[in-house]
Every structure is written in C-alpha cells, then in structure tokens.
Amino acid sequence: MNSYNYYAPTRVLFGAGSLGKLHEQAMPGKKALLVISNGKSTITNGSLERTKSELEKAGCEYVIFNKVAANPLKSVVEEGARTARETGCDFVVALGGGSVMDAAKVMAMLAPQPSDDLWDYAGGATGKARPVENAPLPYIAITTSAGTGSEVDEAGVITNPETNEKIGISCGDTLFAVLAIVDPELMTTVPPEFTAYQGFDALCHSLEGYIANIANPMSDMVERTAIENIGKYLPRAVKDGNDIEAREAVAFANTMSGYSMVACACTSEHSMEHAMSAYHPELPHGAGLIMISKEYFKFWIDKHVCDERFIDMAKFLGKADASSPYDFITALDELQKACGVNELKMSDYGIKEDEFMTLAKNARATMGVLFKYDPAETTDEEIAGIYARSYR
C-alpha cells in the first residue's frame with residue numbers, strides 16, 4: 001500500500017531526565033488519578049516520589065491508585081474509574097509499564113461513562129461494544145519499561161477472567177495520551193528477563209506490522225527503525241541494565257513500535273498470545289510471544305506470501321548477507337539466544353497440549369480484528385498447529 005492514515009497527537013518528551021520536565025508542561029486538569037502497579041518498583045526506584053513532586057510543582061493534586069497487576073483485570077479498571085469519579089479527578093496519570101498504561105487509559109475512558117461495566121464498551125466475544133457517550137478524561141503516560149508502545153497508541157488490553165477474554169479496548173482518536181514521558185533512566189531497574197520480554201514485545205509489534213497486509217511507507221519507516229535498534233541494543237540492555245545508551249535505543253524502538261500500531265497494525269500473533277495469557281495470566285505477554293514467534297513466522301515463510309519482507313527483516317536484525325526468508329528465523333533465533341530467552345517453555349506456565357484448539361478459537365473470537373491484517377487467511381486448525389509446533 002502506498003497510502004496511509006496516520007494520526008498520533010501525543011506530545012512526547014523523550015530522553016534521560018525527561019521526567020524532571022513534567023512540571024514545565026501544561027497540565028490537562030487540576031487533580032490526577034495517579035495509577036501505579038501493585039508492586040514496589042516505582043517506590044523503590046524513586047519514580048513515584050519524583051512524579052508526585054512534579055505534579056505538586058505543577059500545582060496539581062493527586063490520588064494514588066496502586067492495584068494494577070500484569071495483564072490488568074476488568075474489575076481493577078472498573079474500580080479505578082470509580083475512584084476517579086468519587087474523588088473528583090479530572091485527569092489520569094499512568095506511571096509504570098504497559099499494563100499500568102493500558103489500565104490507566106481505559107480508566108480514563110470509563111470514568112465519565114454512564115455504565116460502570118467496562119464490558120459494555122468492549123468488543124470481542126461477550127462485549128456489548130456500546131459507543132462511549134462522554135469524552136474520556138485526559139491522560140498522561142510516564143513509561144517505566146520498553147515493551148508495549150502504549151504511551152503513543154489509543155488502546156488498552158484488559159483481561160476478563162470470568163470469560164477468559166483479553167481484549168484491546170479503545171474509543172478511537174480520543175484515547176491518545178495528551179503527553180508521554182519516555183525517560184530511559186526510569187528503566188534501568190527493570191530485571192534482565194523482563195527487559196528481554198518487553199523488548200521482544202516491542203519487536204513483535206514491528207515484525208508483525210512489517211508483514212501486515214496494510215503495511216505502508218509510514219509504518220515501514222518506524223518498523224525498520226524499531227527492528228534495527230532492538231536487534232543491535234536489546235542484548236546490551238539485558239546484559240547491563242545501567243547501559244543508558246542501550247536503554248535509550250530500546251526505549252526509542254519501543255515508542256516507534258507504538259507508532260507502528262498507529263500507522264499499521266499487529267497481526268494474529270498478538271491475538272494468539274493474548275489467548276495464552278487470558279487462560280494463564282501469570283504468563284508475561286512478551287514471554288508468550290517469544291514462545292510462539294519462530295513457528296509463527298515460519299508459518300508465513302512457508303506460505304511464500306511476503307518473502308522479500310522476511311529478507312528485509314533479517315537484514316534489519318543485522319544479517320547483512322540475508323538472501324533467504326529463513327535467514328530471518330536464524331537472526332531471530334540468534335537474538336533470542338543473545339538475550340537468554342530461547343529456552344522458554346509453555347509447559348512451565350501450565351499450558352497443556354490439549355488446549356491448542358481452545359486457544360486458537362479464543363484468539364479469533366476475542367481479537368479477530370488482527371487476523372484481518374495477516375498476509376493471508378488462516379484456519380483454526382492452522383493456528384492450533386502453530387501452538388503445537390511451538391510447544392515444549
């Protein structure tokens with residue numbers, strides 16, 4: 001495709017030390033719901049105190065909401081939205097990784113709506129897909145990890161454990177953050193394994209976008225940049241979390257992969273992993289993507305639907321002499337080994353071989369929209385086969 005529709009209205013402050021510039025920005029309200037995880041990372045690394053100080057310098061009050069876990073839950077988002085309403089918050093600030101940002105932006109959407117039930121506004125298998133009636137609260141994203149690109153896209157992925165659904169929820173252009181702060185100094189304390197998981201999540205956004213059937217000049221540009229930076233710098237960031245040059249490059253790649261989802265889209269690999277972690281919420285999203293990635297991309301290579309694109313991606317990952325689509329699989333495998341994540345097993349997270357068709361059907365039922373962007377059509381049997389060949 002040589003045309004594209006691109007709208008990314010978020011102001012981005014990027015670079016080491018950029019959190020310290022928050023108070024200099026125009027705030028979109030007077031009282032913030034400050035959303036953090038249910039862990040201790042923002043407390044121990046000092047980013048929470050720094051953010052509170054920045055909001056105070058900007059003349060803003062805040063209410064802390066600290067209940068977001070990995071794979072954020074519908075019930076927690078609903079509670080956050082109620083908290084915002086009941087305490088009179090007029091904007092939302094997310095301080096955390098992809099889960100926190102996803103949850104916070106959906107809280108911002110839900111808070112002004114007449115229904116407290118998030119699934120009234122969700123799609124997927126059981127969502128009612130009601131249009132929102134009121135504009136979302138303004139939302140600021142301060143990312144402390146490099147994985148989802150959620151700081152610059154307009155959707156949040158939320159899990160409903162009652163229905164085993166993990167669904168991307170949005171209300172269109174009104175759910176972009178008004179401001180995003182991408183400060184690699186906030187990422188130095190992310191443990192090596194999660195640095196790797198998050199980096200591969202960002203990588204897969206761009207790999208999938210590059211082979212999507214709606215790929216275009218804008219998406220090609222940001223995806224190539226993301227793939228090159230992750231291929232070159234992610235192993236360094238995993239090896240030494242204090243390597244600021246590497247952290248900055250991976251953070252930049254992550255934001256570019258967020259733009260990939262705005263200019264283009266993910267494909268069914270993401271739907272497949274969301275099904276895995278919907279049923280097994282202890283599975284980190286990036287780890288699940290790593291587990292299925294090689295067999296997923298081999299599936300498309302064997303169909304010969306975009307051979308040159310795989311050769312391109314092999315070169316982006318540093319294999320300059322690539323001449324075969326399978327050179328991409330070699331490069332991907334080498335990157336996984338360099339980051340120490342090539343031995344991940346589905347079985348370690350409780351996934352069993354008799355689940356594959358259930359997962360395939362769930363992926364299509366809950367996030368079937370991403371299958372539309374695949375290079376060609378697939379069957380449930382083919383998707384189940386990818387899980388089966390990935391299984392260990």
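Biologist: Which residue in β8 stands opposite Ile140?

Modeller: This is a predicted model, in which local features need pLDDT of at least 70, side-chain atom pairs count only at pLDDT 80 or more, and totals for chains, interfaces and linings use all residues. Residues are numbered from 1 along each chain as its sequence is written, and side-chain values use heavy atoms, with hydrogens and water left out. Strands β5 (residues 139-143) and β8 (residues 179-182) pair in the parallel sense over four bridges, where two strands pair if DSSP finds at least two bridges between them. The residue opposite Ile140 is Leu179.

Biologist: In what order do the six strands form the open sheet?

Modeller: Strands are DSSP runs of E with at least two residues, and helices are runs of H or I with at least four, both numbered from the N terminus. The pairing is parallel, and the order is β1-β8-β5-β4-β2-β3.

Biologist: Which are the edge strands of this sheet?

Modeller: An edge strand here pairs on one side only. The two are β1 (11-14) and β3 (61-68).

Biologist: Is Met367 buried or exposed?

Modeller: Met367 lies in helix α12 (residues 356-367). Buried means under 20% relative accessible area, exposed over 50%, and partly exposed in between, with a 1.4 Å probe and protein chains only. Because its relative accessibility is 10%, Met367 counts as buried.

Biologist: What separates the C-alpha atoms of Met367 and Leu283?

Modeller: Along the chain, Met367 and Leu283 are 84 residues apart. Their C-alpha atoms are separated by 18 Å.
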